[in-house]
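This report examines selected local features of one protein model. The sequence and the structure are shown first, and the discussion follows them.

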Amino acid sequence: MKILVTGSAGFIGFHVVKRLLSNGHSVIGFDNLNEYYDIRIKQGRLKECGISIDKIESGVMIGSETFDNYSFIKEDLESRENVLALFKSQKFDIVVHLAAQAGVRYSIENPFAYVSSNVVGFINILEGCRHFGCKHLIYASTSSVYGLNEKMPLSEQDNVDHPMTLYAATKKANELMAHSYSHLYGLPTTGLRFFTVYGPWGRPDMALFLFTDAIIKNKPINLFNNGEMIRDFTYVEDIAESILRLSNSAPPSVTPQWNGIEPNPSTSSAPYRIFNIGNAKPVRLSEFVNCIQDYLNKKAIINNLPMQLGDVPMTHADVSSLSDFIKFSPETTISQGVKNFIDWYLSFYCPEIEL
C-alpha cells in the first residue's frame with residue numbers, strides 16, 4: 001500500500017517508517033523539521049532512512065538512497081493548499097498521522113503552537129483523507145487525555161472530559177474531529193492513545209534522555225513527586241509493530257451493537273475506533289532511574305521535588321482491546337529498553353565511552 005507518515009523525522013514516526021518499509025509498503029514521509037529540539041537528531045533519523053540532508057528543500061519530494069519504496073517531503077501541516085496538493089497527487093491508501101507539537105509542559109508556555117499544529121494541522125489531514133480516497137486514517141492521541149481520571153487501569157471506555165493541559169485538550173479535540181469525519185463522510189479512523197513512549201532516538205525533553213544525559217555529565221536530575229510517580233513506559237518499537245499490524249488489518253467499521261443511550265466512547269455507529277497502546281506493566285519513576293544507574297554503573301545526583309503542574313501521579317493502560325484486535329501486546333522489558341536507548345545515546349553523543 002501507499003502510506004503517508006506525517007512526523008516521519010520525529011521519534012515515533014522514524015520507527016514507524018522503518019517498520020512499514022521493512023514490510024514492503026511504499027511510504028512517503030512528511031515533516032517540517034522544526035527546531036523544537038536538537039535538529040541533529042531529526043537529521044540523523046532521516047539519514048538512517050537514506051534521505052540526503054543536503055538535498056532537502058521545502059515542498060520538494062526526494063527519494064531515499066537506501067530504500068526504493070521511501071520518499072520524503074519537508075512541508076508544514078498548517079499549509080492547507082500544500083497538504084491538499086500532496087494528497088491529490090499521491091492518492092494514499094493509508095495515512096499514519098503522527099506529526100504534532102509534542103510535549104505536555106511546553107503547552108503551558110506556548111499554547112498557540114499546539115492549536116496551530118495539533119488542531120489546524122489535523123483538519124488539513126482530515127480534509128485530505130476525505131477528498132482523495134484515503135481508506136484508513138490512523139492518528140496519534142495520548143494517554144494525557146485521561147487527565148484527572150484515577151480509576152486504574154485506564155480504559156478507552158472511560159470518560160475523558162477533564163484534561164489537565166492544553167496538549168491533552170488538543171489531542172481530545174483530534175479524537176472528536178476524527179469522529180465527526182467518520183460520521184459525516186464514512187472515513188475510517190483509528191486513534192491511538194500512546195503511554196509514555198521511550199527508546200532509541202528519543203526526544204531530549206523526555207525523562208530517559210534527560211536522566212541519562214545528566215548522569216553521564218555528573219549533573220543533578222529532578223525527580224518530581226519524590227520519584228513516586230508511576231508510568232506505563234512503552235518501548236517505541238512495540239508501538240511501531242502495533243501500527244504496522246493496524247495498517248495491515250481491516251479499517252474500523254460500524255459497531256452494530258453501539259447505542260446512544262449507553263454510548264461506548266471507544267467505538268461508534270460510525271467507522272471509528274480508539275485504542276490504548278501501553279506496556280500495561282507500570283513502573284515507579286525511582287525504579288526507572290535505577291535501571292539507568294545500573295546500566296551506566298554510575299549513581300545519579302537526585303533533586304527530589306514536588307509534583308509538577310500538569311502531571312498525574314500514575315498511568316496504567318488497559319490494552320486488552322488492542323491486543324485482541326491485532327494479536328500483539330507490547331512486550332519489551334524496561335531493562336532491555338533502557339539498555340537499547342543508552343547504547344544509542346552513547347553511539348550518537350559519546351562514542352568514546354565504553355560500558
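With which side chain does the side chain of Ser268 make a polar contact? The partner is the side chain of His179, at 2.7 Å. The model is a predicted one, and every value in this report is computed from it.

**Surroundings of Ser268**

Ser268 is placed in the loop that runs between helix H8 (236–248) and strand S12 (272–277). Its relative accessibility is 1%, so Ser268 counts as buried. When neighbours within four places in sequence are set aside, Ser268 is in contact with His179, Val254, Thr255 and Trp258.

**Cysteines**

How many disulfides does the count come to? The count is 0 disulfides. A disulfide is a covalent bond between the sulfur atoms of two cysteines. The cysteine sulfur closest to that of Cys129 belongs to Cys134 and is 3.8 Å away, which is too far for a bond, because the cut-off for a disulfide is 2.5 Å. Cys134 is likewise in no disulfide, its nearest cysteine sulfur being that of Cys129. Cys129 counts as buried at 2% relative accessibility, and Cys134 counts as buried at 8%.

**Salt bridges**

The structure holds 14 salt bridges. Three of them are listed below with the separation of their nitrogen and oxygen atoms.

| Salt bridge | N to O distance |
|---|---|
| Lys135 and Asp93 | 2.8 Å |
| Glu175 and Arg193 | 2.8 Å |
| Arg284 and Glu228 | 2.9 Å |

In the salt bridge of Lys135 with Asp93, distant parts of the chain are linked: Lys135 is in the loop between H5 and S6, Asp93 is in the loop between H3 and S5, and the two are 42 residues apart. Asp93 is buried, with a relative accessible area of 19%.

The salt bridge between Glu175 and Arg193 also links distant parts of the chain, with Glu175 in helix H6 and Arg193 in strand S7 (residues 189–194), 18 residues apart. Are Glu175 and Arg193 buried or exposed? Both residues are buried.

For the salt bridge of Arg284 with Glu228, Arg284 lies in strand S13 (residues 283–284) and Glu228 in the loop between strand S9 (220–224) and strand S10 (230–231), so the pair ties together parts that are 56 residues apart in sequence. Arg284 counts as partly exposed at 30% relative accessibility, and Glu228 is partly exposed with a relative accessible area of 40%. Elsewhere, salt bridges with shared partners join Arg19, Glu241 and Arg245 into one network.

**Helix H2**

In helix H2 (residues 39–48), the buried residues include Ile41, Lys42, Gly44, Arg45 and Leu46. Among the elements that cover the buried residues of H2 are helix H1 (11–22), strand S4 (70–74), helix H7 (207–216) and helix H11 (334–349). Gly50 follows H2 and has a positive phi, near 80 degrees.

**Backbone features in loops**

Where is a cis peptide bond found? A cis peptide bond joins Met152 and Pro153, with omega about -5 degrees. Pro153 lies in the loop between strand S6 (136–142) and helix H6 (166–185).

Lys91, a residue other than glycine, has a positive phi near 55 degrees. Lys91 is located in the loop between helix H3 (80–90) and strand S5 (94–97), and is partly exposed with a relative accessible area of 46%. Lys327 has a positive phi near 55 degrees and is found in the loop between helix H10 (320–326) and H11. At 65% relative accessibility, Lys327 counts as exposed.

**Surface**

Which residues form a nonpolar patch on the surface? The patch is formed by Val115, Val120 and Leu166, which together have about 190 Å² of accessible area. Val120 lies in helix H5 (residues 111–131) and is partly exposed, with a relative accessible area of 36%.

Ser22, in helix H1, counts as exposed at 53% relative accessibility. Ser22 and Leu148 are separated by 126 residues in sequence and by 39 Å in space, taken from C-alpha to C-alpha.

Notes
Residues are numbered from 1 along each chain as its sequence is written. This is a predicted model: local features need pLDDT of at least 70, side-chain atom pairs count only at pLDDT 80 or more; totals for chains, interfaces and linings use all residues. Side-chain values use heavy atoms; hydrogens and water are left out. Buried means under 20% relative accessible area, exposed over 50%, partly exposed in between (1.4 Å probe, protein chains only). Helices (H or I, at least four residues) and strands (E, at least two) are DSSP runs, numbered from the N terminus. A polar contact is a pair of N or O atoms within 3.5 Å; within protein, one must be able to donate a hydrogen and the other to accept it, and residues adjacent in sequence count only if both atoms are side-chain atoms. Contact means heavy atoms within 4.5 Å. Patches are made of residues with over 30% relative accessible area and no salt bridge: like charges are joined within 9 Å, nonpolar side chains (Val, Leu, Ile, Met, Phe, Trp, Tyr) within 5 Å. Accessible areas come from the Shrake-Rupley method with a 1.4 Å probe; for residues, only the protein chains shown count as cover. A salt bridge is a side-chain nitrogen of Lys or Arg within 4 Å of a carboxyl oxygen of Asp or Glu.
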